[in-house]
Amino acid sequence: MKIIVDAMGGDHAPEAVVRGALEARKAHGVDILLVGRAAEVLRAVGASGETTLPEGVEIRDASEVVEIADDPATAFKKKKDSSLTVGLSLLRDGVGDAFVSAGSTGALLAGATLIVKRIRGIRRAAMGPLLPTPGGGKLLLCDCGANAECTPEYLLQFAYLGSYYSRRICGVPNPRVALLNIGAEEEKGDTLRKETYALLKKAGDAGRIHFVGNIEAGDAMLGGADVAVTDGFSGNIMLKSVEGTGKFLLKELKGLFLSGTKTKIAAALVKEDLGRLKKAIDPAEVGGTAFLGICKPVIKAHGSSDARSIANAILRAKEYAESGFIEDVQKNIELMKV
């Protein structure tokens with residue numbers, strides 16, 4: 001298994017990216033192909049404590065970098081020797097099994113769509129982050145930002161993509177698919193939600209997906225579904241709200257437990273439990289989000305990723321490449337058309 005890594009993507013590249021990639025190589029046994037400015041990447045390898053390039057790690061030189069200020073829609077075309085463009089081209093050509101980048105989301109999505117290509121029959125690729133739910137469960141939110149404006153057909157396909165991904169990656173035998181809405185009643189929502197509901201219900205009645213109806217964001221986070229289907233605009237707001245709430249709660253808990261002698265003693269007693277809670281809601285533990293619908297695995301890591309986050313994103317890429325998800329979609333594409 002070889003993972004191609006955009007060594008120049010992200011706020012802390014290349015140092016954090018290279019360090020995370022080397023950690024992933026040791027921890028997960030994957031081969032790594034680092035794409036970026038070779039001299040800078042080699043210096044980052046040295047800064048990570050390696051005197052020579054480790055076995056199973058390669059560098060592919062790419063002289064340009066897609067910056068955050070670049071136009072996402074055209075950056076990968078204008079900068080043809082960027083780490084992002086070169087890396088995606090290598091994935092397309094079969095040099096590696098998956099691609100990981102913490103660079104510009106828009107440029108990565110545009111490049112993945114036009115260089116690697118969507119699975120034939122998929123109208124739009126979607127981002128599918130996994131959010132924690134009670135009892136160690138996972139909620140797949142699809143889409144969370146790739147498509148601000150959607151049609152009912154897009155959302156129908158997101159439901160299938162989410163269902164197959166939840167089954168393959170999370171091990172849920174029959175994922176419960178819900179439509180994110182402002183209420184659980186069938187008649188709730190705008191025209192997009194109502195028309196999508198009808199399509200999802202039809203697919204559910206035919207036994208193609210396990211559709212459980214509309215769901216509110218709060219109920220989704222409490223484990224009411226395994227897949228929440230929505231447009232990228234609404235999904236992104238929900239994702240950022242969940243992330244912000246998690247940070248708020250952790251900050252408040254820390255302040256509470258350090259407020260006095262009694263609470264410090266209590267903190268010591270529940271230290272392991274707090275650690276598990278922090279790990280469950282820490283985005284760095286997930287590492288990255290898959291672009292569902294692209295014909296080869298592409299993983300987007302957070303722009304502020306540290307080495308641990310990059311290592312986890314590479315693990316997600318490995319799991320995705322081994323899962324059989326893309327094959328599931330390709331075999332069932334006719335079911336996903338209106």
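**Exercises: strands and rings**

Let's start with one spot: Leu179 stands opposite Val229 in β10. You're looking at a predicted model, where local features need pLDDT of at least 70, side-chain atom pairs count only at pLDDT 80 or more, and totals for chains, interfaces and linings use all residues. Residues are numbered from 1 along each chain as its sequence is written, and side-chain values use heavy atoms, with hydrogens and water left out.

**Exercise 1.** Work out in which sense β8 and β10 pair.

*Solution.* Step one: find strand β8 at residues 176–180 and strand β10 at residues 227–229. Strands here are DSSP runs of E, at least two residues, and helices are runs of H or I, at least four residues, numbered from the N terminus. Step two: recall that two strands pair if DSSP finds at least two bridges between them. Step three: β8 and β10 have three bridges, and the sense is parallel.

**Exercise 2.** Classify the ring pair Tyr165 and Tyr320.

*Solution.* Begin with the rule: rings of Phe, Tyr and Trp (its six-membered ring) pair if their centres lie within 6.5 Å; planes under 30 degrees apart are stacked, over 60 edge-to-face, the rest tilted. By this rule there are five aromatic pairs. For Tyr165 and Tyr320, the centres are 5.7 Å apart and the planes at 80 degrees, so this pair is edge-to-face. Finally, locate both: Tyr165 is in helix α6 (residues 152–169) and Tyr320 in helix α13 (residues 307–323), 155 residues apart.
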